[in-house]
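Subject: Structure handover

Hello,

My notes follow below it.

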Amino acid sequence: MQTKTKRLTESAMLLAVAIVLELFSKMFIPEMPFGGQVTLVSMLPVVLISYRHGVKWGLVAGLGYALIEMLIGARTVAAAFQPGYFGDGTMLVNALIMCVLDYLVAFTVLGLGGMFRDKIKAPGAALALGSVVALGARYVSHIASGYILFSGWAEWFFTQEGFPAWGATLVESLSPNMLGFVYSLVYNGMYMVPEIILTAIVSMFLARAKGIVTKVS
């Protein structure tokens, strides 16, 4: 009972830290125009839960984090169910896809962060690699969502004023489907790739602190 209570208490505290880091980031780091933002490693606490308590519990904590993220993004979630958000008419299926891929899946998979704790002896390397996999899985989920829901913006995105010349080249050379995929890959990569790199680096330094990467269960 004490172990379960400690696990719940610690997980709640780390999730709170994750939310504080995200909200603090929003104060001075600009958000992307269509969603997404580089944060002050706000996902690392969720990865740490997985490392300390195992992947199964990490996925449970990740799901809890996903639900909290939906509350934080309540305006966006509500807007997605309104007419015109995805184009003409109300598109309930698209709104549900967004909720599943951009929230439920995207943040639950952060619970994969502890998958290397028993496979790699060096804690820093195990936590860093777990961070890359966990955040990489989130990136893939956003790519899928962007491709399914927002491919129609691809041509505009790559040809807008100020965009490098290679954007127009992509529009001319790729099929609409491939262009939509590349658009989602590039757009989501603009915030997820820096986030992945930053989180991996910080996790390696964090692992040097005594007791941080102790396996609790």
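Buried means under 20% relative accessible area, exposed means over 50%, and partly exposed is in between (1.4 Å probe, protein chains only). By that rule R52 is buried, at a relative accessible area of 10%.

This is a predicted model, where local features need pLDDT of at least 70, side-chain atom pairs count only at pLDDT 80 or more, and totals for chains, interfaces and linings use all residues. Residues are numbered from 1 along each chain as its sequence is written, and side-chain values use heavy atoms, with hydrogens and water left out.

**Overall fold**

The chain has nine helices and zero strands. Helices (H or I, at least four residues) and strands (E, at least two) are DSSP runs, numbered from the N terminus. The radius of gyration is 19 Å, close to the 17 Å from the globule rule for 217 residues, so the chain is as compact as a globular protein of that length. That radius is taken over C-alpha atoms, and the rule is 2.2 Å times the number of residues to the power 0.38. Along the principal axes, the C-alpha atoms fill a box of roughly 55 × 35 × 30 Å. Buried residues make up 44% of the 217.

**Salt bridges**

The whole structure holds four salt bridges (a side-chain nitrogen of Lys or Arg within 4 Å of a carboxyl oxygen of Asp or Glu). One of them joins R52 to E10, with the closest N and O atoms 2.6 Å apart. R52 is in helix α2 and E10 in helix α1, so this pair ties together parts 42 residues apart in sequence. E10 also counts as buried, at 14% relative accessibility.

R117 and D118 meet at 3.7 Å, N to O. R117 is buried at 12%, while D118 is exposed at 57%. Shared partners join E22, K26 and E31 into one network. Within it, E31 and K26 have their closest N and O atoms 3.6 Å apart. E31 is partly exposed at 47%, and K26 is partly exposed at 31%.

**Rings**

Rings of Phe, Tyr and Trp (its six-membered ring) pair if their centres lie within 6.5 Å; planes under 30 degrees apart are stacked, over 60 edge-to-face, and the rest tilted. The count comes to 18 aromatic pairs. Y103 and F107 have ring centres 6.4 Å apart and planes at 40°, so they are tilted. Both lie in helix α5, four residues apart, about one turn of the helix. F157 and Y183 have centres 5.0 Å apart and planes at 65°, so that pair is edge-to-face. It links distant parts of the chain, F157 in α7 and Y183 in α9, 26 residues apart. Both are buried. They also belong to a cluster linked by ring pairs, whose members include F34, W153 and W166.

R7 lies over the face of W57, 4.1 Å from the ring centre. The test here is NZ of Lys or CZ of Arg within 6 Å of the centre and within 35 degrees of the ring normal.

**One backbone angle**

Most residues other than glycine have a negative phi. V41 has a positive phi of about 45° although it is not a glycine. V41 sits in the loop between α1 and α2 and is buried, at 12% relative accessibility.

Best wishes
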